[in-house]
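User: Please examine the model that follows and answer a series of questions about it.

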Amino acid sequence: MRGASQAKWVVAAVAVALAATACGSGGSSSGGSSNGAANAQGTFSYQSTEPQNPLQPANAMEVGGGRIIKTLFKGLVDYDPSNGELRNQVADKIETTDAQNYTVTLKSGWTFHDGTPVTAKSFVDAWNWSANTKNNQINSDWFSDIQGYADVHPDEGDPTATTMSGLKVVDDTHFTIALTGPVSYFEYKLGYTAFSPLPEVFFTDPAKYGQSPIGNGPYKFVSWEHNKAVTVAAYDKYAGIDKPKNGGIVFKNYSQAEGAYKDLVSDNLDVLDQVDPSDLASYKTDLGDRAVDQAQGAIQSISFSLYADDWKPANLAKVRQGLSMAIDRDTITKTVLNGSRQPANSWVAPGAMGYKDNTCGEYCTYNPEKAKQLVTEGGGVPGNKITVLYNADGGHKEWVDAVCNSIRQATGVECVGDPKPDFKSSRDLIKNKKVDGLMRTGWVQDYPLNANFLRDVYGTGAAANDAGYSSPEFDKLAAEADKATSVKETADLYQKAEEQLAKDMPAIPLWYYKTTAGYSKNVQNVKYDSFGDPVFTQVEVKQK
Amino acid sequence: MGRYVARRLLQMIPVFLGTVTIIFFMTRMLPGDPAAAMWGDKAADPAQLAAFKHDMGLDVSKWQQYLNYMGDLFTGDFGKTMNGRKVIDVIGEALPVTIRLALLAFVFELVVGIGIGLLAGLRRGKAFDKSTLVLTLLLISIPVPVLGFIFQNVFAIQLGWVTPTVQSSTNLGQLILPAVVLGSISLAYVARLTRTSIAENLKADYMRTAVAKGLPKRKVIGTHLLRNSMIPVVTFLGTDLGALMGGAIVTEGIFNVQGVGNSLYHAIGRSEGATVSGFVVVLVLVFLFASLLVDLLYAVLDPRIRYA
């Protein structure tokens, strides 16, 4: 076998060449016990992607930029990462008696990274600027609750004003907010990054600022090496309650999750965003107690195109409930999805305030006989065939096929996946209400409150109401909930609205997302919040 | 010669314009609205969407966009990416990285490919020749992602010689593994082309003459055999240099090299027409100049080929 030995020789030669040149470049040392001494100045790396937009708080919707913004800025309030509850940061107190007019009192001692103080004006100016259509901020509609929003952000044409009448600076530490109507959970919304303050220097040159932002958060901006990494360092004068336990973060770009995972396993990357699908089956054995598996505030569902002729008739609710019962969620999440999802039995993800277990009840429990019976009683599926539209670039094919199989076997209804090449083209069809049948839908929380999963997804005309669902009953209950005077009451009232969804079944809840991630041997105390982000300030870098 | 080069350069203009035009319309005809896609799962705010489109110059007809684009292109303005950077800057960052990677791959396939091909051609029918044929067939038939995956696992995870992904694109040592993966398929073609060409030319009259003259073996092979056998190989290598740069998408993805391939991949995903066209313009230029170089090299290799 001379041939074989020659082949071996070539491989060996390549290997030798690689070994000779690779010395000194790789090999970060590993080891240390799980609870070693921490180096407060140590920095760690995190799997990230190139921010899609300039780094401005109201301009970060996707995770790549959003996470970085979250470390650079801190608003009036944020959510306690351990339980999702609201806590004050820059705000000393936020008072209201009618859920419509708010008075905000700021703590003193907060400064931006350039040393200038954070004042009431920093907030009001930032919000006015961000809401203005002309300034092209992707999160501009977050300010739509505020009075005068229509002046700076008209439905069409140029803005007629530069400030919103609902915002008034009283003095350096006080300002007032007037909303167009009562929104009991407005405080919860205030935790969203779009509501962050901006320093004076921002307004002189926003474009330049977007490339090197100056915030007021636990970390200050160091550098943005485009397409490679964004580096931030702990801000020593940070006045918040979550002071960083590390020296900084390097948000390292990865174009493929597989590469990031391999870097993590070999300790070249410290904290992972998500384990890629191909490594899901083995990541717990690879990482041991450094593997993370916890609930996330996001849900996957399939929605019906209730606007299409086939699905308009009101009596089809039974059919929809039947189809939901025909899906074997337990088996699919365990096998096809490798346990990376948790079967859903309500429309709100656990961890969000107001989450109630099993609001979907028996309709989300697998029961082929009852499923078939309900579909028959409801008059059957139009044409006895359904399609499930999804984007082929997101790894959804496997579970859509599994869901279809489950439905076919349980009810005899013909079910096929309807893949569209990419996310954009599938969104185009969904957004323009051109789907006839079912479509993949999902929701990732903006803030951990059930209202966000219900009002913003199933309210009549809501921006994310892909199903075109419109229920007077649901809307009435939601409106009542919005008028409540406490967040707690709102959450309770929204649970009533959620019950209506079980009756109408505009969308079938499938499963909740989970954070399946992990960290390297160089760091410890890595925890994730319900947004699926690591609690950056808590990460401890081990002493070398 | 001078007139030939001038003519070739003039011929490049319509080719260049044609490709840029085609690419422009192809990228703009992709389904999905790039502005609306910025909102992800959420519905876009109509007023803000309109403002975005106006800002990005997407609110005019495709033809007007085309005229604007071409007009800007000739003043050296490649447009802007969505995160507010000049496309020319993005290209300026990514291009050197990919050039380094492609050149490494090129050198690898050139040296190793011609070397193996030469030896195999000289020993046609012998064991080395046969094993070369098997090995190259194997390389051609293994898809690049598989090869990359295997190399990554063997050399980085199991042997720990390198890091699984490239940590710094300026570190040539780290670039070797991706370069080997990138160049491996072309290496197989180069080896096979060289082998066939050598084996054929061995029987040529001028070879017999050279041997009969009593020239040393080194000279017979080096000057007479190799030089005459290089024409098909050079043709392949010329176009391959361009292909290496464009074809780095997969390899750069696996090894996380932030070069042209990676930037293109993201730009396509985000429907950033300006970025995609910008990169393609540069790649077209690379191809055009590489093929011009190949044609000029012919004359060097074979003096019978003359350019009037």
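User: In which helix of chain A is the place of E498(A)?

Analyst: This is a predicted model, in which local features need pLDDT of at least 70, side-chain atom pairs count only at pLDDT 80 or more, and totals for chains, interfaces and linings use all residues. Residues are numbered from 1 along each chain as its sequence is written, chains are lettered from A and ligands numbered from 1 in the order in which they are written, and side-chain values use heavy atoms, leaving out hydrogens and water. Helices (H or I, at least four residues) and strands (E, at least two) are DSSP runs numbered from the N terminus. On this assignment E498(A) belongs to helix α17.

User: Does E498(A) count as buried or exposed?

Analyst: Buried means under 20% relative accessible area, exposed over 50%, and partly exposed in between, with a 1.4 Å probe and protein chains only. Contact means heavy atoms within 4.5 Å, and beyond four places in sequence E498(A) has contacts with S346(A), W347(A), V348(A), T359(A) and L454(A). Because its relative accessibility is 0%, E498(A) counts as buried.

User: How far apart in space are E498(A) and P534(A), C-alpha to C-alpha?

Analyst: In sequence, E498(A) and P534(A) are 36 residues apart. In space, their C-alpha to C-alpha distance is 30 Å.

User: What phi does M505(A) have?

Analyst: M505(A) is in the loop between α17 (487-504) and β16 (507-518) of chain A, and it is buried, with a relative accessible area of 0%. Most residues other than glycine have a negative phi. M505(A) is not a glycine, yet its phi is positive, at about 45°.

User: Where does N338(A) lie, and what is its phi near?

Analyst: The loop between α11 (329-334) and β12 (341-343) of chain A holds N338(A). N338(A) is partly exposed, its relative accessible area being 36%. Its phi is positive in a residue other than glycine, near 55°.

User: What separates the C-alpha atoms of P81(A) and V535(A)?

Analyst: P81(A) sits in the loop between β2 (77-79) and β3 (86-88) of chain A and is partly exposed, at 27% relative accessible area. P81(A) and V535(A) are 454 residues apart along the chain, but their C-alpha atoms are separated by 6.9 Å.

User: What is the relative accessibility of Y188(A)?

Analyst: Y188(A) is part of helix α5 (residues 186-189) of chain A. Not counting residues up to four places away in sequence, Y188(A) touches several residues, among them Y79(A), M353(A), Y447(A) and V487(A). Y188(A) counts as buried, because its relative accessibility is 3%.

User: Which residues touch the most other members of the largest nonpolar core?

Analyst: A nonpolar core is a set of buried Ala, Val, Leu, Ile, Met, Phe, Trp, Tyr and Cys residues joined through side-chain atoms within 4.5 Å. The largest such core has 144 residues. A second, separate core of 68 residues includes V90(B), L175(B), I176(B) and L292(B). In the largest core, the residues touching the most other members are L76(A), W127(A), F175(A), I177(A), W311(A) and L323(A).

User: Which residues of chain A are in contact with T165(B)?

Analyst: T165(B) is placed in the loop between α7 (144-158) and α8 (172-201) of chain B, and at 2% relative accessibility it counts as buried. Leaving aside neighbours within four places in sequence, its contacts in chain B are Q152(B), I254(B), F255(B) and N256(B). From chain A, T165(B) is in contact with Y254(A), G259(A) and D263(A).

User: Against which helix do the buried residues of α3(B) pack?

Analyst: Helix α3 of chain B spans residues 46-55, and its buried residues are A47(B), Q48(B), L49(B), A51(B) and F52(B). Just after α3(B), G57(B) takes a positive phi of about 70°. The buried residues of α3(B) pack against α2 (34-37) of chain B.

User: What radius of gyration does chain A have?

Analyst: Chain A has 17 helices and 18 strands, and 57% of its 544 residues count as buried. The radius of gyration is taken over C-alpha atoms, and the globule rule is 2.2 Å times the number of residues to the power 0.38. For 544 residues, a compact globule would have a value near 24 Å, so chain A agrees with its 25 Å.
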